[in-house]
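Welcome, and please open the model in your viewer. We will go from stop to stop, with something to select at each one.

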Amino acid sequence: MAELAVENPVYGPFFGVMGAASAIIFSALGAAYGTAKSGTGIAAMSVMRPELIMKSIIPVVMAGIIAIYGLVVAVLICTAIEEPSKYTLFKGFCHLGAGLAVGFSGLAAGFAIGIVGDAGVRGTAQQPRLFVGMILILIFAEVLGLYGLIVAIFLFTKN
């Protein structure tokens, strides 16, 4: 029994819970920043060119997808958390790493989407040919969050 307590300490699930929390907190922070920053650009652009509002919503949608990545990983981790006697410390550390991977990459992607979205929609209002370039840069920023999701899923499946 003492060997089981050393292998599965009572604080093991804490790391899993922190992984789930960090997954959704940091990815939602990135999505919120991306939405707010590109939203201010949309508001400024819509004064000059109101017909481009719907076309300029793309950065906001892409920022919202970042939060979905964190939500998926957080739900996966939450469903795998068990009582301390069945939850190993190794599993807790893997879940913490998964949450941090998707959370921090989502935070970085959200920052990139916000900055590119703000400058991109303002520039597109002045020169419509910038739109395709903005979309390509947004895709490259979004894929940073996707990389974090892929790493998080790999870490989550380690047992």
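Helices (H or I, at least four residues) and strands (E, at least two) are DSSP runs, numbered from the N terminus. This is a predicted model, in which local features need pLDDT of at least 70 and side-chain atom pairs count only at pLDDT 80 or more, while totals for chains, interfaces and linings use all residues. Residues are numbered from 1 along each chain as its sequence is written, and side-chain values use heavy atoms, with hydrogens and water left out.

**Stop 1: the annotated spans**

Start by selecting residues 57–77. This span is 95% helix and 0% strand, and its end C-alpha atoms lie 31 Å apart. Next select residues 97–118, where the chain is 100% helix and 0% strand, again with 31 Å between the end C-alpha atoms. Both come from the "transmembrane region" annotation in an unreviewed UniProt entry, which covers residues 14–36, 57–77, 97–118 and 130–156. UniProt positions are given here in the numbering used for this model, feature names are shortened, and annotations may be inferred rather than shown by experiment.

The unreviewed UniProt entry also lists "domain: V-ATPase proteolipid subunit C-like" for residues 18–77 and 96–155. Select residues 18–77: the span is 85% helix and 0% strand, with its end C-alpha atoms 10 Å apart. For residues 96–155 the end C-alpha atoms lie 9 Å apart, and the span is 95% helix and 0% strand.

**Stop 2**

Two packed helices are described by the angle between their axes and the distance between the axes. Axes are lines fitted to C-alpha atoms, for helices over the stretch in contact, and angles run from 0 to 180 degrees between N-to-C directions. Angles under 35 degrees count as roughly parallel, over 145 as roughly antiparallel, 65 to 115 as roughly perpendicular and the rest as oblique.

Now show H2 and H3 together. Their axes come within 8 Å and cross at roughly 175 degrees, so H2 and H3 are roughly antiparallel to each other. Which residues meet here? Among them are Gly-16, Gly-19, Ser-27, Ala-31 and Ser-38 in H2, and Pro-59, Ala-63, Ile-66 and Gly-70 in H3. The residues of this contact divide into 16 nonpolar, seven polar and no charged. In this count Ala, Val, Leu, Ile, Met, Phe, Trp, Tyr, Cys and Pro are nonpolar, Asp, Glu, Lys and Arg are charged, and the others, Gly among them, are polar.

**Stop 2**

**Stop 4**

Zoom in on Pro-59, which lies in helix H3. Pro-59 counts as buried at 0% relative accessibility; buried means under 20% relative accessible area, exposed over 50%, and partly exposed in between (1.4 Å probe, protein chains only). Contact means heavy atoms within 4.5 Å, and Pro-59 touches Ser-38, Ile-113, Gly-117, Val-121 and Leu-138, not counting residues up to four places away in sequence. Pro-59 and Gly-117 are 58 residues apart in sequence and 5.3 Å apart in space, C-alpha to C-alpha.

Step across to Ser-38, in helix H2. Ser-38 is buried too, with a relative accessible area of 0%. Leaving out residues up to four places away in sequence, Ser-38 touches Pro-59, Val-60, Gly-114, Gly-117, Asp-118 and Val-121.

**Stop 5**

Is Gly-41 buried or exposed? With a relative accessible area of 0%, Gly-41 is buried. Beyond its neighbours within four places in sequence, Gly-41 is in contact with Asp-118, Val-121 and Arg-122.

Then pick Leu-107 in helix H4, which counts as partly exposed at 21% relative accessibility. Its contacts, leaving aside neighbours within four places in sequence, are with Phe-26, Ser-27, Leu-29 and Gly-30.

**Last stop: the nonpolar core**

A nonpolar core is a set of buried Ala, Val, Leu, Ile, Met, Phe, Trp, Tyr and Cys residues joined through side-chain atoms within 4.5 Å. The largest one has 28 residues, and those with the most contacts inside it are Ile-66, Val-73, Ile-77, Val-102, Ile-113, Met-134 and Leu-138. The elements that give two or more residues to this core are H2 (12–48), H3, H4 (89–126) and H5. Finish on Ile-66, which touches Ser-27, Ala-31, Gly-106, Ala-109, Ile-113, Glu-142 and Gly-145, not counting residues up to four places away in sequence.
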